Amino acid sequence: MLEIDNLHARVGDTPILKGLTLTLRPGEVAAIMGPNGSGKSTLSYVLSGRPGYEVTEGTVRFDGQDLLAMEADERARAGVFLAFQYPVEVPGVSNKVFLKAAVNACRKARGQGELDAYEFLKLFEDKRKLVGMGKELASREVNSGFSGGEKKRNEILQMAMLDPKLAILDETDSGLDIDALKAVSEGVNALRDGERAMLVITHYQRLLDHIVPDTVHVLVDGRIARTGGRELALELEERGYDWLKAEAAA
Amino acid sequence: MNAMHLMAAELAGASGRAGEPDWLRERRGEGRARFEALGWPTRADEAWRYVKMRELVRWGEASAPPPDAAAVERAMARAGTALDGVAARVVMVDGVVRAEATTRDGSAPEVSVLPLGEALSVVGDHLRSSLGRIASLTGDGVAALALAELGDALVVHVPRGAALSGALEIVHVATGGEAGLRFPRVFVAVDATGELTLIERFIGVPEEAGFTAATTEILVGGDATVRHVRLVDLPEAALHNGHVGVRVGRGGSFTSYVLSLGGRLGRTELTVDLAEPGASCQLDGLYVASGDSHFDHATTIAHTSPHTTSGETYKGVIGDAATGTFFGRVLIREGAVKSDTRQLNHNLLLSTEARVHTRPQLEIDNDDVKAAHGSTVGQLDEMAVFYLRSRGIDERSARGLLTWAFAEEMVVRLPVPALVRELGRVLAARLASDASPVAAAAIEEAL
């Protein structure tokens, strides 16, 4: 599904990813943990194609395609979804208008028929309930004036609507209280179907109590420093990241 | 001005039209005298600072010759049909009312919508006291010239308490031509507690140039309500200068919607006198300039009485090598205590060559007022563009959708729903471009 090989990337003149190698099977949920500045968010932006993130070396194959050769919107239509750490406010555009344009762009590219107004609303209502958002969501402007929790739920709603093959969740737990964390996690878990792969990027292991990963990778200084199972996350919770930083430096 | 011009001008000013009252002939003479005194504006005039005057003065100082029958026919073919929600419609070609194209429903027969010649006997008092004195004799040289060259005009009178069942639409079609100016003129008097929604649409014949200097004068009576939509969507070579002069009486309410969408040069100069206590106005504007167009807006709101309220929001979307200008003055006179004004101008630049000049200006002569103003110039939020693209929306559509989102609020507040839909589609096509059906569909959805 996803094969990242020796990925180097920089932002401006600053190298951030320094030889990252990682594979992900269909249906696999992998956590990416790591200290601040280790390159977690950069990885999510490089994979989703944000302009300004320059790949200097290495390859990324997604479903057999060269992901790095694709534009950001092509990647989305091919099935890559990024749940943003800081979802962007888009005043003047309603959720309904935004999502209908997005869903139909993706469906068209995948050879599915475009949804008409009725079909769209039905899908929207289903997914809205999944993440526990209010009925007025459709007419609200995208993320405008949303609370932190509402923004993150809106990301998961979009993910549910767009039905990606690969979902990258960038610090989805940041800024959430425990109730919002539960609601978001339940939404994510409902989208685990044995086919969809997920990269769950997080600083804290707390999220992994709710979204239980198959694999845990630890990112230190732009490289995967260690890979393990669920227990690795718990060990990090105990010991912090410093011992891995020391190992990586050595 | 050379001697030939002067002679021609004196002749036009003095001769008048058969059967018209002396005061009207004299009024033209006042316009001529004022033009002689002021001359063409120069770039030293703040409101004309960014206009290339050479492009204007080459058109001369007199009216263009009347269009021939074929030109009138081409113009009439552009006039289209009435929108839903329009109760009465008048077509003017180069400022001359085309009676054969006037349509009107049966509502409020006491409301008169007449060419100047017929209106003199019906609303002579209003005309005599105010024609030319709200806009032309208080404006600049171009406004004065328009009065000096006064020919036909459309006169609208809404008597006390009256209202049409819907909007009055005036379609001004310019035939073009290579020399001389066209001076369309509309005079509106809405008496106490009357109500009027007026749509003025300035269009032209494709591929034609021409220079139109239009004047609209509006008297808003006590507790009367007037909404004025002024839509300029001329062919790309055409030049347009508009003066709108408004006087608002006690408790009266005036709302203006200025839309500059097409033409080589489009200027609108709007002056509102909040002349009596409790008068209010809201001035809204949207300019969408592309190519090498220059759209220029100069507004003056004069709070001359106590307890007067004004609001103003202009938004500009400037692309390519186009220029947008907003110069907005709010004057609060010494006696105008408890006045309240709020003025905003926001601009979105879509290219590195696009230019905008924005200058909100407050001149306050007393302490007991509330006043706020501000302006911004910005570009599309690149993070928002990426956000939309990360959901599968192509870049062009993402930019179109975000540009529409910026302009939208100015379109949806237009007072006639059919006009909101029409302009939404026009802007969808221009902002999102033909290559972006996704954005076009999304805009359609939003309307």
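Colleague: Which residues does A:T202 touch, not counting residues up to four places away in sequence?
Modeller: A:T202 touches A:I32, A:M33, A:G34, A:K40, A:D173, A:L207, A:L208 and A:Y241. Contact means heavy atoms within 4.5 Å. This is a predicted model: local features need pLDDT of at least 70, side-chain atom pairs count only at pLDDT 80 or more, and totals for chains, interfaces and linings use all residues. Residues are numbered from 1 along each chain as its sequence is written, chains are lettered from A and ligands numbered from 1 in the order written, and side-chain values use heavy atoms, leaving out hydrogens and water.
Colleague: Is A:T202 buried or exposed?
Modeller: Buried, at a relative accessible area of 0%. Buried means under 20%, exposed over 50%, partly exposed in between (1.4 Å probe, protein chains only).
Colleague: What does the side chain of A:T202 make a polar contact with?
Modeller: The side chain of A:D173, at 3.0 Å. A polar contact pairs N or O atoms within 3.5 Å; within protein, one must be able to donate a hydrogen and the other to accept it, and residues adjacent in sequence count only if both atoms are side-chain atoms. The backbone oxygen of A:Y204 also lies 2.9 Å from a polar atom of the A:T202 side chain.
Colleague: Switching to chain B. How many salt bridges cross the interface of domain 1 and domain 2 of chain B?
Modeller: The rule finds two. That takes a side-chain nitrogen of Lys or Arg within 4 Å of a carboxyl oxygen of Asp or Glu. B:E422 and B:R201 form a salt bridge at 2.9 Å, N to O.
Colleague: Where are the domain bounds in chain B?
Modeller: Domain 1 is 3-276 and domain 2 is 381-447. The bounds come from an automatic or database domain assignment.
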